[in-house]
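Work through the exercises below with the sequence and the model open. Each task is followed by a solution in steps.

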Amino acid sequence: MSTGTVVSAGLADPSEPAAGAAARSAGGRAAGSLAVALPPRADRAERAQAAVERLRPAGVEAVAVTWVDNAGITRVKAVPLAGLVHAAEWGVGAAPCFDVFLADDTITTSRLIGGPTGDLRLYPDVDRLVPLAAQPGWAWAPGERHTQDGAPYPGCQRLFARRTTAAAAALGITLQAGIEVEWVVALAGAPHEEPQYPTHGPAYGMHRLTDLSDYLRDVLRALGEQGLTVLQIHPEYAPGQFEVSVAPEGPVEAADTTVLVRHTVRAVSARHGLRASFAPVVEAGSVGNGGHLHLSLWRDGRNLARGGSGPHGLTAEAEGFLAGVLGALPELLVLGCSSPAGYLRLVPSHWAGAYQCWGLENREAALRLVTGSTGERTTAANAEIKCFDATANPYLMVGAVLAAGLAGLDQRLALPPEFTGDPAEAAPGTVPRLPAGPAEAIAAYQKSTVLREALGEPLYEAVLAVRRAESEQYAAATPEQLVAATRWRY
């Protein structure tokens with residue numbers, strides 16, 4: 001992964017005094033205590049007005065402002081371009097009950113969030129605002145939620161990701177992250193119908209690229225016009241499946257980008273008469289869509305995954321961070337494998353990372369160490385978390401991984417012995433299996449002090465309420481029923 005400084009994207013002053021709190025502890029307490037305040041209203045209005053003047057000549061007429069709920073569904077409020085300045089000054093109304101929506105739009109409740117009462121203000125991040133190449137006349141910005149008196153809303157997932165990023169920065173550590181986007185494209189049809197694919201070429205085959213070359217070209221073109229650097233795009237294993245990877249960024253920016261990439265793929269698909277699914281499994285029993293997270297740690301321009309005395313050149317800081325993540329993977333699944341359908345993908349011998357182990361270039365390990373090619377390892381070395389999928393709220397996913405990693409760094413943890421080969425073929429009990437269903441992951445989550453403190457009680461409990469409700473909702477469902485219920489929700 002490339003080097004770089006975490007860019008301050010969003011609404012907070014990156015030099016806020018609360019950064020000092022993060023330096024006192026690398027664990028959840030520091031991340032949970034960092035406040036992310038709104039800048040002055042006049043400053044927000046000035047930046048929004050500059051954005052309006054930039055967007056108007058491009059034919060933009062409306063702006064979609066999105067946030068991702070705890071079920072992993074992207075929700076939206078939109079304003080006309082003429083209303084962008086007012087939205088930046090005063091926010092757009094958004095009910096807090098969205099934090100206890102399930103993926104099928106039913107609603108649960110939690111101890112601190114839920115019910116019909118109350119309102120929040122959704123503020124567009126105008127620094128990340130971009131015209132949508134596949135939706136003429138529209139622009140997009142990620143949103144952050146504050147209370148009506150301007151205080152940071154403790155249930156805002158993007159603010160959580162920014163707090164944990166700030167906690168790392170207070171220790172002198174910046175991170176680069178990227179989230180792979182996999183999807184299945186099918187012919188448009190009724191939601192209850194089985195998917196029909198526009199190509200039947202072999203896995204990873206040129207046949208598929210040829211069949212859909214115009215479509216894939218338009219995906220690349222749209223992503224490029226939106227300022228994203230595409231590293232590669234290619235057919236994947238499952239029928240109709242493709243993957244696109246973009247250049248790494250800071251953790252919050254990477255989460256923003258994965259939302260934008262998925263919006264773009266969906267919009268280009270619609271313009272070609274196709275339908276895209278990012279669900280973890282599109283057909284029961286098949287290989288599914290992952291949402292693998294790549295991460296690298298940097299200090300003073302140096303990649304901490306190289307030049308150290310640890311395994312494969314890891315520094316002590318990088319090893320401690322990765323050991324913290326590896327040890328917390330059972331509870332992290334609650335945030336990185338959000339839907340019960342995700343466990344239909346998370347099975348052994350499918351390159352899904354179903355076992356709690358790590359290894360160099362081991363695609364069956366949940367934590368895969370990537371050194372890169374000889375000659376570029378000082379910039380390319382990173383770690384990949386393979387057990388996550390696109391049902392995750394990306395802000396919760398990156399924020400929770402950072403919290404777990406910083407706790408491991410603080411405790412100076414070491415990685416267990418490396419595993420090579422397929423852990424499914426090891427002697428029983430040799431390699432821990434990650435939770436095989438949501439109930440096991442929820443139990444691990446409830447024991448995690450680090451995640452509870454990092455998330456804060458309102459967000460921690462809202463996530464727990466949603467996971468419990470969806471686990472109960474699909475407890476008696478067959479794999480086929482679960483796949484059908486979630487196939488077109490993501």
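The model is predicted, so local features need pLDDT of at least 70 and side-chain atom pairs count only at pLDDT 80 or more, while totals for chains, interfaces and linings use all residues. Residues are numbered from 1 along each chain as its sequence is written, and side-chain values use heavy atoms, with hydrogens and water left out.

**Exercise 1. Describe the largest pocket and its lining.**

Step 1. Grid points are joined across faces, edges and corners, and a volume is the space filled by probe spheres set on the points.

Step 2. The volume of the largest pocket is about 1,000 Å³. Its lining has 42 residues, and E180, E243, H294, R368 and E384 are those nearest the centre.

Step 3. Assign the lining to elements, where helices (H or I, at least four residues) and strands (E, at least two) are DSSP runs numbered from the N terminus. Two or more residues come from each of strand 7 (174-179), strand 9 (230-235), strand 10 (241-246), helix 11 (342-345), strand 15, helix 12 (377-380) and strand 16 (382-385). Strand 10 gives the largest share, four residues.

Step 4. Sort by class: Ala, Val, Leu, Ile, Met, Phe, Trp, Tyr, Cys and Pro are nonpolar, Asp, Glu, Lys and Arg are charged, and the others, Gly among them, are polar. The lining of the largest pocket then has 17 polar, 14 nonpolar and 11 charged residues.

**Exercise 2. Which strand is joined to strand 14, and in what direction do the two run?**

Step 1. Two strands pair if DSSP finds at least two bridges between them. Strand 14 has four bridges to strand 15 (residues 365-370), and the two run parallel. L360 stands opposite L369 of strand 15.

Step 2. For burial, under 20% relative accessible area is buried, over 50% is exposed and anything in between is partly exposed (1.4 Å probe, protein chains only). Strand 14 (residues 355-360) is largely enclosed by the rest of the structure, because five of its six residues are buried.

**Exercise 3. Classify the aromatic pair of W67 and F98, then that of Y445 and Y460.**

Step 1. Rings of Phe, Tyr and Trp (its six-membered ring) pair if their centres lie within 6.5 Å; planes under 30 degrees apart are stacked, over 60 edge-to-face and the rest tilted. The structure holds five such pairs.

Step 2. The ring centres of W67 and F98 are 5.3 Å apart and the planes are at 75 degrees, so this pair is edge-to-face. W67 is in strand 1 (residues 62-68) and F98 in the loop between strand 3 (92-94) and strand 4 (120-124), so the pair ties together parts 31 residues apart in sequence. Both W67 and F98 are buried.

Step 3. Y445 and Y460 are stacked, at 4.4 Å centre to centre with 10 degrees between the planes. Y445 belongs to helix 14 (residues 438-446) and Y460 to helix 16 (residues 457-473), 15 residues apart. Y445 is buried at a relative accessible area of 0%, and Y460 is buried at 1%.

**Exercise 4. Is T264 buried or exposed, and which residues does T264 contact?**

Step 1. T264 is in helix 8. Its relative accessible area is 2%, so T264 is buried.

Step 2. Contact means heavy atoms within 4.5 Å. Apart from neighbours within four places in sequence, T264 is in contact with A222, L223 and Q226.

Definitions and conventions:
1 Å grid on protein atoms, 1.4 Å probe; cavity = no way out; pocket = protein on both sides within 12 Å on 5 of 7 lines; lining within 4 Å.
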